[in-house]
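Open the model in your viewer and keep the selection tool handy.

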Amino acid sequence: MTTPKAQGLTAYQAILERIFLERHYEGASELLFDREDIPEAASALDLPRPKNIGDVIYSVRYRTGLPESILATHPEGMEWIIEGAGRAKYKFVLVPLNRVLPRLDLITIGIPNGTPEIIRAYALDDEQALLAIVRYNRLIDIFLGLTTYSLQNHLRTTVKGIGQIEIDELYLGIDREGCHYAIPVQAKGGTDQISVVQTKQDLAWCEQRFPGLRARAISAQFMEDDKVAMFELAVVDNQVVVVEEKHYKLLPAEGLDRAAIASYRN
């Protein structure tokens with residue numbers, strides 16, 4: 001049997017490829033599968049059982065993408081994504097192509113770096129480092145113009161009709177009029193992509209858990225040259241759209257551009 005590596009696939013891509021191709025038919029727009037289908041597909045391919053089944057979905061959603069054999073089946077302007085479909089259930093869904101990437105023509109705003117050096121020295125991975133940078137430099141407050149507080153990070157919970165989700169960090173906030181906000185934050189470092197699926201899930205959970213609060217979904221992503229892109233995202237007609245985008249760069253006091261700071265008054 002040809003190994004996934006010889007076909008240019010990761011083991012996780014090969015598992016999901018098998019699950020997809022077993023179910024796919026001409027004109028399909030939604031293909032359901034269960035969590036237990038993942039180890040069964042691994043066994044059929046003579047691959048080790050994944051130790052963390054949830055990581056199979058996460059890896060393909062945010063790191064590697066779907067294999068070419070699946071991409072070749074979608075019509076132009078559409079794409080397959082994987083959504084939760086209830087407890088221990090998932091589905092491939094055909095949706096309009098939807099990507100959130102940092103703009104290349106946006107001004108970068110200098111921010112005095114308030115990240116403790118010990119945190120920078122011992123951050124465990126890109127995602128943790130980015131969440132810490134956002135938290136210690138109050139980038140959520142700066143970006144949204146609210147007073148916010150981190151309630152919990154890596155919040156594992158469930159959404160009705162979707163199943164288990166994980167919110168990278170959840171903030172609560174308040175504005176000058178007294179309105180309260182629930183602010184789910186997703187952080188992406190390295191080559192990970194901002195997930196439209198995660199945005200939809202995070203907003204659905206906030207509406208379910210905090211119906212009296214205004215939900216505002218935020219995504220943060222490392223860019224080249226240590227810049228941080230911040231996005232506020234919303235869902236319109238089942239599409240994730242960018243409400244606002246800003247780019248920040250953390251600088252030591254001596255590195256701040258005084259002329260640029262003066263220009264921010266405008």
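A quick word on pockets before you click: on a 1 Å grid over the protein atoms alone, a pocket is an open set of points where a 1.4 Å probe fits, with protein on both sides within 12 Å along at least five of seven lines, and lining residues have an atom within 4 Å of a point. Volume here is the space filled by probe spheres set on the points, with grid points joined across faces, edges and corners. This is a predicted model, so local features need pLDDT of at least 70 and side-chain atom pairs count only at pLDDT 80 or more, while totals for chains, interfaces and linings use all residues. Residues are numbered from 1 along each chain as its sequence is written, and side-chain values use heavy atoms, with hydrogens and water left out.

**Stop 1: the largest pocket**

Select Gly-54, Asp-55, Tyr-58, Arg-156 and Glu-166: of the 32 lining residues, these are the closest to the centre of the largest pocket. The space there comes to about 820 Å³. Now colour by helix and strand, which are DSSP runs numbered from the N terminus (helices H or I, at least four residues; strands E, at least two). At least two lining residues come from each of α3 (53–64), β3 (89–96), α6, β5 (147–159), β6 (163–174) and α8 (196–209), and α3 gives the largest share, 7 residues. For classes, count Ala, Val, Leu, Ile, Met, Phe, Trp, Tyr, Cys and Pro as nonpolar, Asp, Glu, Lys and Arg as charged, and the others, Gly among them, as polar. The lining then has 14 charged, 11 polar and 7 nonpolar residues.

**Stop 2: the second largest pocket**

Next, pick Arg-61, Glu-79, Trp-80, Arg-99 and Gln-193, the closest to the centre among the 21 residues lining the second largest pocket. Its volume is about 460 Å³. Here α3, β2 (78–84) and α8 each supply at least two lining residues. The classes are 12 nonpolar, 6 polar and 3 charged.

**Stop 3: Tyr-62**

Stay in helix α3 and click Tyr-62. Is Tyr-62 buried or exposed? With a relative accessible area of 4%, Tyr-62 is buried (under 20% is buried, over 50% exposed, partly exposed in between, with a 1.4 Å probe and protein chains only). Show its contacts (heavy atoms within 4.5 Å): beyond neighbours within four places in sequence, Tyr-62 touches Lys-188, Thr-191, Asp-192, Gln-193, Ser-195 and Gln-198. Draw a distance to Ile-194, too: the two C-alpha atoms are separated by 7.2 Å, though the residues are 132 apart along the chain.

**Stop 4: α1 against α2**

Select residues 11–23 (α1) and 37–44 (α2), which pack at about 100° with axes 9 Å apart. That makes α1 roughly perpendicular to α2 (65 to 115 degrees counts as roughly perpendicular). Axes are lines fitted to C-alpha atoms over the stretch in contact, and angles run from 0 to 180 degrees between N-to-C directions. Show Ile-15, Arg-18, Ile-19 and Arg-23 of α1 against Asp-37, Ile-38, Ala-41, Ala-42 and Ala-44 of α2.

**Stop 5: positive phi**

Most residues other than glycine have a negative phi. Go to Asp-46, in the loop between α2 and α3, where phi is near 60°. Asp-46 is exposed, at 66% relative accessible area. Finish at Asp-225, in the loop between β9 (217–222) and β10 (227–236): phi is about 65°, and this residue is exposed at 54%.

Technical notes. Parallel < 35°, antiparallel > 145°, perpendicular 65-115°, else oblique.
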